[in-house]
Amino acid sequence: MITMCSSSGLLSAILLGYFLRLLQLLSTCLAFSLVASVGTWMGAVSNWSIFIWCSCFLVTLIILIIEFCGLQSRFPFSWYNFLITYACYAALLCISASILYPISYIWFFPHGRSQDHAIAATAFSCIAAVAYASEVAWARTWVWLGVITGYMVTVPGLLKGLETFVAGVIFAFIIDSHWYLHQPALVWCVAVYSICFLLAATALLLNWCDCDNRLPIAFPTFLLGLTLLSVLLYTSALVLWPLYQFDEQLGGQPERLRCNDGLVYSVCTWDQQLAVAVLTAVNLLVYVVDLVFLAHMVFSRTEDQLRGSQFPLLYKS
């Protein structure tokens, strides 16, 4: 529930929200329209980018229709937590499309209409990412003013969303199972990615469905345990994945082989393996930062309770 300090504040918040949504609609629509108009989508990366732009356009349009019709209260979950979660994921998805699409295609198109449309589509994808990120930043501003509360507008909430997103990108790179089925250590790494993704997704769903208060322990303490376990698991994956993918003595490929010339329709296998290693390190870093924030919250709560004060209800939506 969003509570505004005054009617003017409510009006400005509504207008800003609608402006950002219209900008999101326009930019994503133009991005996939420009690519589709000249048939410049081909291969997994381009299909993925088109899927992102179309999905963001469709979901944003549905959100606008629901808000115009005033149907938010009919959903059995926190509408505001849903909006901030969606904006966070949409920003990350548009950022990934803004990076992967130009790297894989723009430089390989001949000068002309196809390349111009691809460049323009990338620009509008960047605008969409900024629009979605602005919605998240706007929500964070109201948190500092004490106007709104909720788990997804806290730093741990945003980090949990980032953790699941990075894990999703990892899954996209390891979709070809022949990379790891021959090696138990690599199978363990895939299991780590899956387990940690499910743990983070469970935490988000519990809060999204307002079930966090039904746990036998405090929700921050529950999150601290999940995050600590994920840090330990990801540490093992960070060691094993590069070791068994790039060490020749363990059956890995230490050097990058030459990929096909011309237009890149897919990412080289060695590049994908390297991307998984880098993303594993990135996600481990995110988990460590999340762990530090949660530890500070839990121990601060304990100290405040010992002093007789109340821990701030940051997670109450």
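This is a short tour of the model, stop by stop, with what to select and what is there.

Before you start, note that this is a predicted model, in which local features need pLDDT of at least 70 and side-chain atom pairs count only at pLDDT 80 or more, while totals for chains, interfaces and linings use all residues. Residues are numbered from 1 along each chain as its sequence is written, and side-chain values use heavy atoms, with hydrogens and water left out.

**The whole chain**

Begin with a cartoon view. You will find 8 helices and 0 strands; helices (H or I, at least four residues) and strands (E, at least two) are DSSP runs, numbered from the N terminus. Of the 317 residues, 46% count as buried, where buried means under 20% relative accessible area, exposed over 50%, and partly exposed in between (1.4 Å probe, protein chains only). Among contacts (heavy atoms within 4.5 Å) with a separation of 6 or more, 77% come from residues 24 or more positions apart.

**The annotated spans**

Next, colour the stretches that UniProt, in an unreviewed entry, labels "transmembrane region": 50-71, 83-107, 119-139, 151-173, 185-209, 221-244 and 274-299. These positions are given in the numbering used here, feature names are shortened, and annotations may be inferred rather than shown by experiment. Select residues 50-71: the span is 91% helix and 0% strand, and its end C-alpha atoms are 29 Å apart. Then try residues 185-209, with 96% helix, 0% strand and 36 Å between the end C-alpha atoms.

**Helices α5 and α6**

Show α5 (residues 155-173) together with α6 (residues 184-208). They pack at an angle of about 145° with their axes 9 Å apart; axes are lines fitted to C-alpha atoms, for helices over the stretch in contact, and angles run from 0 to 180 degrees between N-to-C directions. To see the contact, display residues including G157, K160, G161 and E163 of α5 and Y193, S194 and F197 of α6.

**D210**

Move on to D210, in the loop between α6 and α7. D210 is partly exposed, at 37% relative accessible area.

**T227**

Now centre on T227 in helix α7 (residues 219-246). T227 is buried, with a relative accessible area of 0%. Its side chain reaches the backbone oxygen of L223 at 2.8 Å. Leaving aside neighbours within four places in sequence, T227 is in contact with K160, Y287, D290, L291 and L294.

**E135**

Which side chain does the side chain of E135 meet in a polar contact? Select E135 in helix α4 (residues 113-144) and look for R21, whose side chain is 2.8 Å away. A polar contact is a pair of N or O atoms within 3.5 Å; within protein, one must be able to donate a hydrogen and the other to accept it, and residues adjacent in sequence count only if both atoms are side-chain atoms. E135 is buried, at 8% relative accessible area. Not counting residues up to four places away in sequence, E135 also touches L20, Q24, L83, I84 and A87.

**The cysteines**

Finish with C94, which is buried at 0% relative accessibility. Its sulfur is 4.1 Å from the closest cysteine sulfur, in C56, too far for a bond, because a disulfide is a pair of cysteine sulfur atoms within 2.5 Å. C126 is in no disulfide either, as its nearest cysteine sulfur, that of C94, is 9.4 Å away. The count comes to 0 disulfides.
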